[in-house]
Amino acid sequence: MAASGIAPRILCIGIPVRDLTFRVEAVPVRGSKANASHLAEICGGNALNAAIAIARLGGHVFFAGPMGDARETSSGFILDQMAQEGIDTTHIVRMPDVTTPVSAIMIEPSGERTLTIYRDPGLWSVKLPDADELLADCRAILVESRCASFCIDLCAEARRRGIPVIVGVDRAMSLQDGLLTAGSHLLFASEQVQETAGIADDGKALRRLAKLTPAFLAATRGPLGSIWLNEAGELEETAAFPVQAVDTLGAGDVFHGAFALGLAEGGDVRQALRFAAAAAALKCTRHGGGMAAPQRIEVEEFLRGRP
């Protein structure tokens, strides 16, 4: 899969986060203390991590969603980072007297991460810009599943216009969630697809959800790759690429971003899933959360050596 001559315009919808990451030998037990060997301050959040990946992989990405008060330091830090990545922030909505989310993340030597995050409830009262403005020349939308309350109408309008809506699902969804049907492609993590469907098996969970939505359905399973339903309703798998993982933070988000770009460039789901698996694998070999997303040339070279 190769980048097209004109970078596709992709809208990412989500809630940016300021991440403080700590490398630790082990997550401390309750009530104890632990020294970290490294501290990094980065920007994050599911859709923003995906946006960084899209930009580095060759897409023209712009971002919509709420951010805290213009007077606070966290939002300024994030906007500076987004500008450096070439992400268009024109459609971000500043929320007076609201706090931009902040997370504390502990990363173990295996790459596994444990985190806590604060999101101001006021963020969900955001009103996004007009649909005609956001969807002009848009080739795809990628949205965090938690953002349904303020983007469901926009996503439904995008589908009416034939624009694919990719939903990155990192928590259990209600079976009445509007994004189940407003999304054209739903990418779950294994735990979340099982929790959403109420079935402790990825394949059976996908089949149950397929009765509720016409969307493409897939579940990612880390080193076990992804499992998905094809147009005939049959289960297929896309293998993960084996790598020495040091940091899994943001890997799923990078996967979602690469998948969205693959579709926007005209690839089919098999091509997009393989491209996404390669991007996520490379990300896992580096510290830095979504800020460790690879460049396009790295992914293409990685794939050339793996028929």
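Predicted model: local features only at pLDDT ≥ 70, side-chain atom pairs only at ≥ 80, totals over all residues.
Residues are numbered from 1 along each chain as its sequence is written, and side-chain values use heavy atoms, leaving out hydrogens and water.

Let's start with the sheet. Its 9 strands form an open, mixed arrangement in the order β5-β4-β1-β8-β9-β10-β11-β12-β13. Strands (E, at least two residues) and helices (H or I, at least four) are DSSP runs numbered from the N terminus, and two strands pair if DSSP finds at least two bridges between them. β5 (88–94) and β13 (235–238) stand at the edges with a single partner strand each, so one side of each has no neighbour in the sheet. Strands β1 (residues 9–13) and β4 (residues 60–67) run parallel, joined by 5 bridges; L11 has F62 as its bridge partner in β4.

Now for the helices. Helix α6 (residues 190–197) lies across β9 (165–169), β10 (185–189) and β11 (216–220), at about 105° to β10. Axes are lines fitted to C-alpha atoms, for helices over the stretch in contact, with angles from 0 to 180 degrees between N-to-C directions; contact means heavy atoms within 4.5 Å. α6 and α7 pack at about 50°, their axes 9 Å apart, and are therefore oblique to each other. Among the residues making this contact are V193 of α6 and L206 of α7.

Technical notes: Parallel < 35°, antiparallel > 145°, perpendicular 65-115°, else oblique.
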